[in-house]
Amino acid sequence: MSIPFVYHPIYSVPFPAQHRFRMAKFRLLYEKLLQKNIIHKNNVLEPQPVAADIIEISHSKEYIDAFFNNKLDKTRAKKLGLPWSEQLAARTKYSIAGTLLTTELALQHGIACHLAGGTHHSHFDFGSGFCIFNDLTIAALTLVKKQLADVIFILDCDVHQGDGTATILQEYPNIFTCSIHCRNNFPLKKTESDLDIPLEKDIGDAEYLEALQLALHKMLEIEPDLVIYDAGVDVHVDDALGKLAMTSQGIAARDYLVMKTCHEHHIPVATVIGGGYHKDLDHLVERHCIVHEQAAKFA
Ligand SMILES: [Zn+2]
């Protein structure tokens, strides 16, 4: 196997068609990557669902039970912003497992890509902004616990700040959190990552890539055993919820630079797709293809 990709058909559960979170995008992304011949039957793996005790490594038991039993109070359900269903609950166990599997595969293969993941607004005892549980923190803490990695760098390039990731990991100095995001965007109340790089509205490719250099410089200083890279495409100029002005070429340059830097320094990198919001699913899916197309260059 060259570069492994991780996907499960359960990722796109039935969902209200007009919901801002485009649940169909995972299946469409998988189909598009098959069409592009980036994914084929020999380089894609399906995760098995995680057990609840894996989730407990970064969330309260009370919150985990409340979510899986559809017992979230109105305030927490509203903050999460996703309509609960049995299928959504089942999907959640697979998508967390998918990110964990991707990180383990990255350690073995150098690069591995998850066709989902990046739920960085999820906190210890509540979800937020379409993020139920925090796959990034669960994967990082599990790898450290299993002694598969000592130092991990989470590079969050979603346009929104990785607030949940930062708070869950604030007591773990060996897991470095870095968020490059738009200053004037959700979440209103930012938390403190180890390195935050807030960008002004409407910043385009050149300035963004300059900011990314700061993050990569820090990453090389830290010398992590693994990078978990959130390649959110809501930085795109046409994104419905982002407020930056990047082009698809700029996103490709960003993703390539991250993986090239890791590759040159022999740092394994696991990618997750992060956020992306657009009415036109074709456009959105094409943007989520970018990180996988760039990863395939390292096969
Ligand atoms: Zn986002």
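The legends below accompany close-up views of a predicted model.

**View 1**
Ideal angles for four tetrahedral donors are 109.5 degrees.

**View 2. The open parallel sheet.**
The sheet is open and is formed by 8 strands in the order E2-E1-E3-E8-E7-E4-E5-E6, with parallel pairing. Its edge strands are E2 and E6 (195–199), each of which pairs on one side only. Strands of a sheet pair through backbone hydrogen bonds, either parallel or antiparallel. Helix H5 (residues 86–109) lies across E1 (5–6), E2, E3 (111–114), E7 and E8 (269–272), and runs at about 165 degrees to E3.

**View 3. Strand E4 between its two partners.**
Strand E4 (residues 152–156) pairs with strand E7 (residues 226–230) in the parallel sense over 5 bridges, and 5 bridges also join E4 to E5, again with the two strands running parallel. On the E7 side, Asp156 stands opposite Asp230. On the E5 side, Phe153 has Phe176 as its bridge partner, while Ile154 stands opposite Thr177. Because 5 of its 5 residues are buried, E4 is largely enclosed by the rest of the structure.

Strand E5 (residues 175–182) is mostly covered, with 8 of its 8 residues buried. Ile175, Thr177, Ser179 and His181 point one way from E5, whereas Phe176, Cys178, Ile180 and Cys182 point the other way. In the loop between E5 and E6 lies Pro187, which is joined to Phe186 by a cis peptide bond with omega of about -5 degrees. Most residues other than glycine have a negative phi, and most peptide bonds are trans.

**View 4. Helix H6 and the residues around its ends.**
Helix H6 (residues 135–145) has 9 of its 11 residues buried and is therefore largely enclosed by the rest of the structure. The buried residues are Asp135, Leu136, Thr137, Ile138, Ala139, Ala140, Leu141, Thr142 and Leu143. An α-helix has 3.6 residues a turn, so residues three or four places apart point the same way. The N-terminal end of H6 is capped by Asn134, a side-chain oxygen of which lies 3.1 Å from the backbone nitrogen of Leu136. Just after H6, Gln147 takes a positive phi of about 60 degrees. In the loop between E3 and H6 sits Phe130, which is not a glycine and yet has a positive phi of about 70 degrees. Phe130 has a relative accessibility of 15% and so counts as buried, given that buried means under 20% relative accessible area.

**View 5. Asn70 in the loop between helices H3 and H4.**
Asn70 is placed in the loop between helix H3 (61–68) and helix H4 (74–80). Its phi is near 55 degrees, a positive value in a residue other than glycine. Asn70 is partly exposed, with a relative accessible area of 45%.

**View 6. Ile38 and its contacts.**
Ile38 is found in the loop between helix H1 (25–35) and strand E2 (44–45). With a relative accessible area of 14%, Ile38 is buried. Leaving aside residues up to four places away in sequence, Ile38 touches Phe5, Leu33, Asn43, His292, Glu293 and Ala296. Ile38 and Pro9 are separated by 29 residues in sequence and by 17 Å in space, taken from C-alpha to C-alpha.

Key:
Residues are numbered from 1 along each chain as its sequence is written. This is a predicted model: local features need pLDDT of at least 70, side-chain atom pairs count only at pLDDT 80 or more; totals for chains, interfaces and linings use all residues. Side-chain values use heavy atoms; hydrogens and water are left out. Helices (H or I, at least four residues) and strands (E, at least two) are DSSP runs, numbered from the N terminus. Buried means under 20% relative accessible area, exposed over 50%, partly exposed in between (1.4 Å probe, protein chains only). Contact means heavy atoms within 4.5 Å. Two strands pair if DSSP finds at least two bridges between them. Axes are lines fitted to C-alpha atoms, for helices over the stretch in contact, and angles run from 0 to 180 degrees between N-to-C directions. A polar contact is a pair of N or O atoms within 3.5 Å; within protein, one must be able to donate a hydrogen and the other to accept it, and residues adjacent in sequence count only if both atoms are side-chain atoms.
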